[in-house]
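The sequence and the structure come next.

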Amino acid sequence: MNKQTAVYPGSFDPITYGHLDIIDRGLEVFDNIIIAVASNSEKKGLFTVAERIQHIEEAVDGNSRVTVDTFDGLLVDYVVSKEARVILRGLRAVSDFEYEFQIAQMNHNLKREVETLFMMTSVPYGYLSSSIVKEVAGLQGPIDSLVPPVVSKALAEKFGNTGKD
Ligand code: ADP
């Protein structure tokens, strides 16, 4: 089978086991995945882009088929600059659909040769988002089952000790 490179873009503020599940499953389909942290997002992040990259790098643990990068400007231009054709995105609830649909349509209009492919969340991660993790961590709730250890530790440092599962 002829595999290829996919770009998995997002805020990753911070990376969760839901993201890592999409990455693991994406590697079954694609040769290489570039995790592209958006640096021009309007959203003010809890972590800096450099911190998010460091968390992701530690979480993917030196997998040579995964590259971690950052981009600003149009995603489709970034994808083409990496000689990739596929944008990989995850879908959780129906509530993700409308937003993802709009962006995918816009990206397709901007660059016909770039396709967005969606992977459905795995059941245990259907409710999991970076925002909910930050909210729970901020309230000292247990997050160890939701994020990799590097992120747990970073959140504990931001918010003071978080509870354990
Ligand atoms: P963005 O701000 O671009 O939505 P996120 O970091 O929140 O960035 O998400 C990046 C991608 O990962 C999105 O496609 C999102 O739907 C997907 N994603 C996030 N959490 C999960 C999860 N628990 N299961 C599946 N996909 C997820």
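A residue is called buried when its relative accessible area is under 20%, exposed when that area is over 50%, and partly exposed in between. By this scale Leu74, with a relative accessible area of 44%, is partly exposed. The model discussed here is a predicted one, and in it Leu74 lies in the loop between β3 (66–71) and α3 (75–81). Together with Met106 and Leu110, Leu74 makes a nonpolar surface patch of about 270 Å².

**Aromatic pairs**

A pair of aromatic rings is described by the distance of the centres and the angle of the planes. A search of the whole structure finds 3 aromatic pairs, among them that of Tyr8 and Phe12, whose planes stand at 80° with the ring centres 5.2 Å apart, so that the pair is edge-to-face. Tyr8 counts as buried at 5% relative accessibility, and Phe12 counts as buried at 2%.

The rings of Phe97 and Phe101 are stacked, because their planes are at 20°, and the cut-off for stacking is an angle under 30 degrees; the centres of these two rings are 5.4 Å apart. Both Phe97 and Phe101 belong to helix α4 (residues 94–110), where they are 4 residues apart, about one turn of the helix. An α-helix has 3.6 residues a turn, so residues three or four places apart point the same way. Phe97 is partly exposed, with a relative accessible area of 46%, and Phe101 is also partly exposed, at 43%.

| Aromatic pair | Distance of centres | Angle of planes | Type |
|---|---|---|---|
| Tyr8 and Phe12 | 5.2 Å | 80° | edge-to-face |
| Phe97 and Phe101 | 5.4 Å | 20° | stacked |

Helix α2 (residues 49–60) has 12 residues and reaches 16 Å from its first C-alpha to its last, which is close to the 16 Å expected at 1.5 Å a residue. Where around the axis of α2 do its buried residues lie? The buried residues of this helix are Arg52, Ile53, His55, Ile56 and Val60. They cover an arc of only 160° around the axis, and therefore lie on the same side of α2.

The loop between α2 and β3 holds Asn63, which is partly exposed with a relative accessible area of 30%. Asn63 and Ile15 are 48 residues apart in sequence, and their C-alpha atoms are 16 Å apart in space.

Key:
Residues numbered from 1 in each chain as written. Predicted model: local features only at pLDDT ≥ 70, side-chain atom pairs only at ≥ 80, totals over all residues. Heavy atoms only, no water. Patch = residues over 30% accessible without salt bridge, like charges linked within 9 Å, V, L, I, M, F, W, Y side chains within 5 Å. Areas by Shrake-Rupley, 256 points an atom, 1.4 Å probe, with all protein chains shown as cover. Salt bridge = Lys/Arg side-chain N within 4 Å of Asp/Glu carboxyl O. Helix = DSSP H or I, 4+ residues; strand = E, 2+ residues; numbered from the N terminus. Buried < 20%, exposed > 50% of the residue type's maximum accessible area, 1.4 Å probe, protein only. Phe/Tyr/Trp six-rings, centres within 6.5 Å; stacked < 30°, edge-to-face > 60°. Expected span 1.5 Å × (residues − 1). Arc of directions from axis to C-beta.
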